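Me: I am new to this structure. Please show it, and then take my questions in turn.

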Amino acid sequence: LDFKVKIVNEFLDGCGSTTLSKKYSIPNHSTIMEWVHTYQLRGVSGLRPRKGGQKYSGMFKAEVLNWRNQNMASFSETALHFNIPAGSTVCRWQQKYESLGIDGLRHEQDILLTMNKNVKHNSENHLSKEDELKQLKKENLMLRVENEFLKKVDALAQKKSKQKKSRK
């Protein structure tokens with residue numbers, strides 16, 4: 001923490017990120033920029049080391065990717081906005097979504113728990129109307145988020161295709 005604060009302060013005092021990365025043997029100057037942006041947004045507490053193994057729900061991941069798409073933000077900007085430790089985390093979510101769909105965003109344990117609950121509820125066949133309604137509402141929201149996300153991805157792909165054609 002002290003090291004990060006020291007580097008952020010040196011940057012804010014006018015020293016460049018490339019100079020600082022060489023001075024302190026930090027492989028990538030963008031790491032310093034992430035620290036600076038995090039510090040400016042969240043203060044010293046944003047630079048504190050986090051406990052590993054943070055778990056995010058599939059719904060949260062879908063919301064993050066949807067926000068990124070709507071705001072045409074980078075992975076790093078999105079991570080900073082949602083207080084996610086690294087842009088690479090958001091990048092992995094994007095890759096999983098593209099290869100596996102909305103189920104790719106769910107944590108494996110969540111999928112297993114859901115499957116076990118569904119098997120249990122189906123075998124006992126006593127899902128209350130209230131629980132069933134909650135489950136359907138949740139599924140409906142996930143499908144709406146997925147649908148909006150796919151529309152945005154399609155629109156961006158068409159826009160990029162038009163830009164490439166106009167350049168030729």
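Reply: Helices (H or I, at least four residues) and strands (E, at least two) are DSSP runs, numbered from the N terminus. This is a predicted model, in which local features need pLDDT of at least 70, side-chain atom pairs count only at pLDDT 80 or more, and totals for chains, interfaces and linings use all residues. Residues are numbered from 1 along each chain as its sequence is written, and side-chain values use heavy atoms, with hydrogens and water left out.

Me: Which helix holds Asn66?
Reply: The protein chain has 8 helices and 0 strands. Asn66 falls within residues 58–71, the span of helix α4.

Me: Is Asn66 buried or exposed?
Reply: Buried means under 20% relative accessible area, exposed over 50%, and partly exposed in between (1.4 Å probe, protein chains only). Because its relative accessibility is 13%, Asn66 counts as buried.

Me: Which residues is Asn66 in contact with, leaving aside its neighbours within four places in sequence?
Reply: Contact means heavy atoms within 4.5 Å. With those neighbours set aside, the partners of Asn66 are Val145, Glu148 and Phe149.
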